[in-house]
Amino acid sequence: MFLSQLDIFQVRNLESVRASCHPQANIIYGPNGSGKTSFLESIYMLGRGRSFRHRDLRVVVNNAADELVVSARLTRDSTGSNHQLGIKRTSKGRFEARVDGNSLQSAVQLVSELPLQLIDAHSFMLLEGGPLQRRQFLDWGVFHVEHGYTDVWRRFQKTLKQRNQLLRHGRIDEELLRVWTAELIPLCEQVTDFRRRYLSGLAEPLEKAVSAFDGLGQVSLEYYCGWDESRTLQEVYAHDQARDVVTRSTSHGAHRADIKIKVDGQPAADHLSRGQIKLLVYALKLAQASHYREKSGESCLFLLDDLPAELDYQHRGQVIAYLNHLGCQYFVTGVDKQDFECLVEKLPHKMFHMEHGATSVDETTGIESL
Ligand SMILES: Nc1ncnc2c1ncn2[C@@H]1O[C@H](COP(=O)(O)OP(=O)(O)OP(=O)(O)O)[C@@H](O)[C@H]1O
Ligand SMILES: [Mg+2]
């Protein structure tokens with residue numbers, strides 16, 4: 001799956017940008033503040049319905065405009081079919097998304113149309129941050145390869161919310177609490193089964209991705225399901241009930257899950273350098289892309305913000321080589337053109353020079369093949 005044409009209107013300083021994209025390597029370079037990250041942000045909004053920089057899309061709309069629009073032509077690897085995707089944040093604050101002219105009901109549909117992975121300066125949080133980051137990483141993968149997951153996950157979230165709402169009431173209806181608990185337990189188990197199955201399938205692609213990078217060691221992923229598994233969930237919830245009433249929330253369950261990421265048997269976040277942590281994040285996300293490709297026959301798209309600032313020269317080359325090996329389309333940004341020239345010298349690619357919100361295709365890199 002790749003984007004062949006991209007149109008961006010009024011996203012931050014990008015007033016109107018049209019880019020014919022390369023099916024694989026797209027490099028965007030230019031000075032600070034020229035709009036490189038905004039270019040990636042536009043693609044991200046098209047695939048996720050939100051920005052990775054700000055919760056409120058009002059901030060992302062160009063200051064002098066009322067609304068933003070991003071649209072793209074997407075080609076699927078498996079069928080060769082073309083589709084038109086579009087998003088709009090209207091002046092009334094409404095968010096609209098369309099595929100081939102049909103309105104989408106939710107951002108979930110958008111996510112399945114355009115599977116994308118972002119790696120930027122905050123991505124080290126996948127290892128150093130809290131469990132939420134790792135659950136999101138995991139759920140991205142499960143969502144894209146297990147078709148029944150969205151429905152189970154939604155029902156789990158809804159039931160958990162209802163149980164928590166009840167716990168927040170002054171006087172608790174114990175009978176109702178039993179009903180929500182009984183409903184939550186099987187959903188908790190189903191979410192756990194989906195995630196476990198996904199993680200065991202990810203082990204092999206991860207081993208391959210890790211071996212493509214020098215200096216990472218033996219990486220392992222271990223799933224913590226969110227409760228003490230030596231007891232049944234019925235026992236856990238019975239034991240927790242008094243505590244849940246006091247804390248007014250559900251102490252244990254799939255919403256407390258985590259992945260223990262280890263390198264040579266040691267917790268990765270405690271033992272790796274910052275650069276190695278970033279490299280491991282690349283390996284994890286590339287492994288997901290590889291697994292996704294195996295399961296669906298489609299590649300996913302990568303957005304790599306300021307790659308030269310993130311990795312040393314050798315590792316940059318290894319990342320680019322792996323992305324090419326997987327057949328993924330990628331959009332990479334950086335300040336200096338020279339940082340990329342050697343990396344993509346022998347690869348078909350396209351370079352975009354970004355200057356104060358406008359792009360121009362760099363004619364000197366004429367080996368791109370569109
Ligand atoms: N809502 C907005 N309207 C207009 N301009 C904006 C808006 N929000 C941010 N900008 C400006 O957009 C420009 C592009 O920002 P962006 O983060 O994309 O630059 P960049 O090329 O990634 O820079 P760097 O190399 O420093 O990361 C900045 O100059 C910023 O001040
Ligand atoms: Mg930037």
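In what order do the 6 strands of the open sheet run, and is the pairing parallel or antiparallel? I traced the sheet as β2-β1-β4-β5-β6-β7, with antiparallel pairing.

**Ground rules.** I am working on a predicted model, where local features need pLDDT of at least 70, side-chain atom pairs count only at pLDDT 80 or more, and totals for chains, interfaces and linings use all residues. Residues are numbered from 1 along each chain as its sequence is written, while chains are lettered from A and ligands numbered from 1 in the order in which they are written.

**Six-stranded sheet.** I took strands (E, at least two residues) and helices (H or I, at least four) as DSSP runs numbered from the N terminus. Two strands pair if DSSP finds at least two bridges between them. I found β2 (14-20) and β7 (102-103) at the edges, each pairing on one side only. Next I looked at what packs on this sheet. Helix α1 (residues 36-48) does, touching β1 (2-11), β2, β4 (68-75) and β5 (82-89). Contact here puts the C-beta atoms of two residues, placed from the backbone, within 7 Å. The direction of α1 makes about 110 degrees with that of β1. For such angles, axes are lines fitted to C-alpha atoms, for helices over the stretch in contact, and values run from 0 to 180 degrees between N-to-C directions.

**Hairpins.** I followed β5 into β6 and counted 5 bridges, antiparallel. Arginine 89 stands opposite phenylalanine 95 in β6. The hairpin has 5 residues between its strands, and glycine 93 in the turn has a positive phi of about 90 degrees. I then went on to β6 (residues 95-99) and β7, which pair in the antiparallel sense over 2 bridges. Arginine 98 has serine 103 as its bridge partner in β7. Valine 99 stands opposite asparagine 102. This hairpin has 2 residues between the strands, and aspartate 100 takes a positive phi near 50 degrees.

**Three-stranded sheet.** I found an open sheet of 3 strands in the order β9-β10-β11, antiparallel again. Its edges are β9 (219-224) and β11 (266-267), each pairing on one side only. β10 (residues 258-263) joins β11 over 2 bridges. Lysine 262 has proline 267 as its bridge partner in β11.

**Helix pair.** I checked α5 (residues 131-145) against α10 (residues 274-296). They pack at about 10 degrees, with axes 10 Å apart. Phe137, Trp140, Gly141, His144 and Val145 in α5 meet Leu284, Gln288, His291, Tyr292, Lys295 and Ser296 in α10. This contact has 5 nonpolar, 5 polar and 1 charged residues.

**Domains.** I read domain 1 as 1-115 + 298-370 and domain 2 as 123-295, with bounds from an automatic or database domain assignment. Their C-alpha centres lie 29 Å apart. I found 15 residues of domain 1 in contact with 15 of domain 2. Helix α12 (residues 313-326) brings the largest share of the domain 1 side, 6 residues. That side has 8 nonpolar, 4 polar and 3 charged residues.

Conventions: Nonpolar A, V, L, I, M, F, W, Y, C, P; charged D, E, K, R; others polar.
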